[in-house]
Amino acid sequence: MFIRLGEATIISVLNKKNLLSNLTPKVAGKEEFCTTGTCPFQAPAEFEYDPERYLYFRARAITAEVANKNGDFFEWDELKKACSSFIGKGFYLNHESDHPSKAKGLILDAKLVEDDSAKYIETLVAVDRVVAPEVCQLIEGGIINSISMGCLAAKAKCSLCANIA
């Protein structure tokens with residue numbers, strides 16, 4: 001099993017005026033994000049916007065068929081299969097994702113985007129203003145303008161020698 005990391009660009013920070021977007025907020029109901037008492041979030045069956053409590057932003061999580069800064073390349077067909085797996089996952093700082101209690105927010109939705117310039121997954125993230133006020137300030141102030149995306153891969157193919165590890 002490989003852990004792969006990549007940079008994800010924050011597309012926009014949503015406020016009361018632009019909160020309604022073409023992303024439909026939802027959280028996958030198949031798995032609980034964490035159990036009661038172990039983290040600050042529960043993945044609700046339905047989500048209601050609360051801009052006073054949460055900062056919402058859209059991020060281009062992963063781009064298909066273009067190598068990222070780490071040299072990782074993700075095929076579009078694989079991203080199509082994986083898109084829904086983003087929903088309900090935590091938003092963490094500095095890859096400290098070993099326990100749900102370290103989450104600062106939650107990925108509410110993910111969608112596939114295919115246009116003339118690229119194919120990618122876009123996510124809608126909510127960051128808790130009570131749990132992580134400093135993170136919200138840095139995002140709103142433009143100091144944090146990108147985030148990192150991590151994933152697990154059962155295997156990886158070398159683009160130079162085609163070896164599968």
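Biologist: Is E78 buried, partly exposed or exposed?
Modeller: E78 is partly exposed, at a relative accessible area of 43%. Bear in mind that this is a predicted model.

Biologist: Which residue does the E78 side chain meet in a salt bridge?
Modeller: The partner is K81, with 3.2 Å from N to O.

Biologist: Where do E78 and K81 sit relative to each other?
Modeller: Both are in helix α1, three residues apart, so about one helical turn separates them.

Biologist: And K81, buried or exposed?
Modeller: K81 is exposed, because its relative accessible area of 62% is over the 50% cut-off.

Biologist: Changing topic. How many salt bridges does the structure hold?
Modeller: Eight. One of them pairs K119 with E65, where the closest N and O atoms are 3.9 Å apart.

Biologist: Which parts does that pair tie together?
Modeller: K119 belongs to strand β5, residues 119-128. E65 is in the loop between β2 (54-63) and α1 (76-82). The pair therefore links parts that lie 54 residues apart in sequence.

Biologist: What is the relative accessibility of K119?
Modeller: It is 25%, so K119 counts as partly exposed. E65 is partly exposed too, with a relative accessible area of 41%.

Biologist: Which other residue forms a salt bridge with K119?
Modeller: E114 does, and the closest N and O atoms of that pair are 3.9 Å apart. At 54% relative accessibility, E114 counts as exposed.

Biologist: Which residues end up in one network?
Modeller: E65, E114 and K119, joined by salt bridges that share partners.

Key. Residues are numbered from 1 along each chain as its sequence is written. This is a predicted model: local features need pLDDT of at least 70, side-chain atom pairs count only at pLDDT 80 or more; totals for chains, interfaces and linings use all residues. Side-chain values use heavy atoms; hydrogens and water are left out. A salt bridge is a side-chain nitrogen of Lys or Arg within 4 Å of a carboxyl oxygen of Asp or Glu. Helices (H or I, at least four residues) and strands (E, at least two) are DSSP runs, numbered from the N terminus. Buried means under 20% relative accessible area, exposed over 50%, partly exposed in between (1.4 Å probe, protein chains only).
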